[in-house]
Amino acid sequence: EKQKMKKKIERTSIRKVFKTIIWPRRGLLLIGLVLIIINRLSGLVLPGASKYLIDDVIVNADMHMLKVLVAVVGGAIVVQSITSYSLTLLLSVEAQHLIAKLRSQVQKQIINLPINFFDNAKSGELVSRIMTDVEGVRNLVGTGLVQLFGGILTAIIAFVLLLNISPQMTLYVMVPLIVFGLISLKAFGYIRPIFRERGKLNAEVTGRLTESLNGIRVIKGFNAERSEESTFEDGVEKLFLNVRKTLTTTSLVTSSATLLLGLATVGIMGLGGYMIMNGELTVGDFFAFTLYLGFMIAPIVQMSNIGSQITEAFAGLDRTEEIMNMAREEDDETRTIVLPEARGDIKFDHVTFAYDEGKKVIKDISFDMPAGTVTALVGTSGSGKSTIAGLTASFLEPDSGVITVDGYDLSQVKHSSFRSQLGVVPVSYTHL
């Protein structure tokens, strides 16, 4: 059941990413896809030209065709350079623009969440959620996703060309490539939750560090430096262990690529040499096969790196989605009353409140605060003065009882209509 829920979450995330991020930018991504296709096709000119050069032009000493061939290859290289530059410029800028927009959306969502959310969240952690979690999206809208499709296209075209030159050698190469693909898929499925956990750990460590630096007077006042050092070291150690897992996994993918593709290359040398000596393959065919093989293998290895980046992007967006799905204060359907111009009569009627279940801070209190009067709350620390102020400002909700403003039940009044008429003067204290 847990595994089904995990898959459901991932499918939902992919669907939402496509609907909200990919599809609205389909025009831009289509242009990028066209550019990457032109880029990759122009890159395939060199291997074909090399075969023609070795088997025909040099053998026949055809100087005119040599000039044409050099011109064609040079033109292809220029096209590659221009399309590569245009692709990076076009998509990388849009990716950074999207990151800026997402950060604004997440900040807007967080700042409109209920007060009790902030009671349980560290400011540094929230900063990390806003600034860091969305950064991976550049690999979806930037060159990463387009290069992924471009790599697949290049690999398919190169595969067809390899089959045309030598089906036997091509099938031999496919065995280690399929093994590598299976290893990569398994690895990416394993590291996605690790990336998600890394975002959480990074936010916790950042949050604790921010709080400790902001509260340095309190830490020194209580001689708590050693405790803070120990807490931060534990957090950093957990973060290191998480990073080590991802490094180990990605290293396994890279190493397996080196091993499997290296074995394929060695086999091709032996098999190709044997076929040339038997007259089944020309030198030009073998040279072209080797170059096309590089064009098929390089995108596959590149796709493994891009796959890791996209996995990290989805992990960050999963955490962002958690924030975006939280109910805002104004989403409370029970609050339907728009408060007219307030006079200021406030009444507590048998109000009880507890931050933690079973530990009541105020219990069954009733009093009036008539408009035009000043009400002073006096009591020892922890007696509930700040809690009453928080309840009056609708920052907190009573567990039982009713708070009214000019006769309106405050729990049914829209926050915005009440707070637009509310004045709050926060007081800070400096302890010497």
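Predicted model: local features only at pLDDT ≥ 70, side-chain atom pairs only at ≥ 80, totals over all residues.
Close-up 1. H415 is found in helix α14, which spans residues 415–419. When its neighbours within four places in sequence are left aside, H415 is in contact with E329, E330, R335, S394 and E397.

**Close-up 2. The packing of helix α2 against helix α4.** Helix α2, made up of residues 26–43, packs with helix α4, residues 63–111, at an angle of about 155 degrees, and their axes lie 9 Å apart. Because angles over 145 degrees count as roughly antiparallel, α2 is described as roughly antiparallel to α4. The crossing of these two helices, α2 and α4, is left-handed. On the α2 side the contact is made by L28, L29, I31, G32, L35, I36, I38, N39, S42 and G43, while α4 contributes A76, V79, Q80, T83, S84, S86, L87, L90, L91 and E94.

**Close-up 3. The packing of helix α2 with helix α3.** Helix α3, residues 45–60, packs with α2 at an angle of about 20 degrees, with the two axes 4 Å apart. Since angles under 35 degrees count as roughly parallel, α2 and α3 are therefore roughly parallel to each other. The contact involves L41, S42 and G43 of α2 together with V45, L46 and P47 of α3. The residues of this contact of α2 with α3 divide into four nonpolar and two polar, with no charged residue.

**Close-up 4. The hairpin of strands β1 and β2.** Strand β1, residues 346–356, and strand β2, residues 359–369, run antiparallel and are joined by seven bridges. Within this pairing, I346 stands opposite M369 in β2. The two strands, β1 and β2, form a hairpin with two residues between them, and in the turn G358 has a positive phi of about 90 degrees.

**Close-up 5. The pairing of strand β1 with strand β3.** Strand β1 is also joined to strand β3, residues 400–405, by five bridges, and β1 and β3 run antiparallel. One of the positions that can be located in this view is T352, whose bridge partner in β3 is S400.

Definitions and conventions: Residues numbered from 1 in each chain as written. Heavy atoms only, no water. Axes fitted to C-alpha atoms, helices over the stretch in contact; angles between N-to-C directions. Parallel < 35°, antiparallel > 145°, perpendicular 65-115°, else oblique. Left-handed = near helix turned anticlockwise from the far one by under 90°. Contact = heavy atoms within 4.5 Å. Pairing = 2+ DSSP bridges. Nonpolar A, V, L, I, M, F, W, Y, C, P; charged D, E, K, R; others polar.
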